[in-house]
Amino acid sequence: MGLPNLSSTEGENDFSIEYSSWMVEHPCALDKFEEMKSIAKEKKIVIFLDYDGTLSDIVPNPEEAFMTDKMKMVLREVANRFPTAIISGRKRETVQGFVQLNNVYYAGSHGLDIEAPFDSSKDKDPNNEMDNKVGLYQPAKEFLPEKDKVLNLLSERTKYIKGVNIEDNKFCISVHYRHVHTKDLGTLENVISVILKEYQNFRVSTGKKVFEVRPNIVWNKGHALEYFLENLGFGNSDDVLPIYIGDDQTDEDAFKVLRKRGQGFPIVVSADPKDTNALYSLREPKEVMEFLLGLVNLEQ
């Protein structure tokens, strides 16, 4: 007698058990919508969203990360009802180009390039679709010349590594390695490490098949969320209900802020169990759209 053959579904069953256990701690926001709706009653809802993997699918070519027409329609309706901001690691102008909605606020470079209202309590312009005058806040502006040097070095020293895609996100640099062979990843990591030893004002973090190089300052998506709330007039509000939906590791900083404030719903987008500070989950952008549509249909 030989060893018994393992069932082809055994691994799937193990994953299912693990995912079910994870869902107990991070229940589906769609399943909890009525409960969340009750909590939101008479609260002032503010919506925060990541872009890639949240409003659009993760795609092989970052330049093709388009939202569906239906997602854009739902997002427009959400922003007509609630203050809405997209906080992305992409260049702010790139995300604006993808979304093309004038009733949404935008922050790029993981919150280092923010388009936000100057002040929600005065000088309102009734002809402005967002009902506020907006301005830019760029806490890492002084690092731009040095970032350009890092970008040039990365471009030069990785050009021989097949599959590397370097994206200039203004205040940050995304080094995509989705198409890099596994055997070359060590070389790529070493190139980044050597460059950052020379430019210690920058640090690297990881995302989904990407290395993110950004200024080494105390500022992240959580700070950007707080900046938006402050400039929208909700900084010290007891009746605001921020909702943050994101799929990336960088979104965890925003989840932490909501947990610390004891306000709102941090929602992670993931089809796999993962360590997260979010309280709720959604599996994919289609479920994000369904959740947002639910908000559109809330009785005002």
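Contact, as the word is used here, means heavy atoms within 4.5 Å. The model is predicted, so local features need pLDDT of at least 70 and side-chain atom pairs count only at pLDDT 80 or more, while totals for chains, interfaces and linings use all residues. Residues are numbered from 1 along each chain as its sequence is written, and side-chain values use heavy atoms, with hydrogens and water left out.

The chain contains nine helices and twelve strands. Helices (H or I, at least four residues) and strands (E, at least two) are DSSP runs, numbered from the N terminus. Of the 300 residues, 49% count as buried, where buried means under 20% relative accessible area, exposed means over 50%, and partly exposed lies in between (1.4 Å probe, protein chains only). Among contacts between residues at least 6 apart in sequence, 61% join residues at least 24 apart.

Eight strands make up an open sheet with mixed pairing, in the order β5-β4-β3-β2-β1-β10-β11-β12. At the edges are β5 (134-137) and β12 (280-282), each of which pairs on one side only. From one strand to the next, the twist averages 20°. Two strands are said to pair if DSSP finds at least two bridges between them. Strands β10 (residues 240-246) and β11 (residues 265-269) pair in the parallel sense over four bridges, and I245 has I267 as its bridge partner in β11. Across β1 (44-49), β10, β11 and β12 lies helix α9 (residues 285-296), which runs at about 160° to β10. For such angles, axes are lines fitted to C-alpha atoms, for helices over the stretch in contact, and values run from 0 to 180 degrees between N-to-C directions.

The loop between β10 and α8 (252-261) holds D251. Is this residue, D251, buried or exposed? D251 counts as buried because its relative accessibility is 0%. The side chain of D251 is joined to that of K221 by a polar contact of 2.9 Å. A polar contact is a pair of N or O atoms within 3.5 Å; within protein, one must be able to donate a hydrogen and the other to accept it, and residues adjacent in sequence count only if both atoms are side-chain atoms. Apart from neighbours within four places in sequence, D251 is in contact with D50, K221, Y244 and G246.

K221 also belongs to the meeting of two helices: K221, G222, L225, E226 and L229 in α7 meet D253, A254, V257, L258 and R261 in α8. The residues of this contact divide into five nonpolar, one polar and four charged. Here Ala, Val, Leu, Ile, Met, Phe, Trp, Tyr, Cys and Pro count as nonpolar, Asp, Glu, Lys and Arg as charged, and the others, Gly among them, as polar. Helix α7 (residues 221-231) packs with α8 at an angle of about 55°, their axes being 6 Å apart. The two helices, α7 and α8, are therefore oblique to each other; angles under 35 degrees count as roughly parallel, over 145 as roughly antiparallel, 65 to 115 as roughly perpendicular and the rest as oblique. In α8, the buried residues are E252, A254, F255, V257 and L258, and these buried residues pack against α7, β10 and β11. After α8 comes G262, with a positive phi near 70°.
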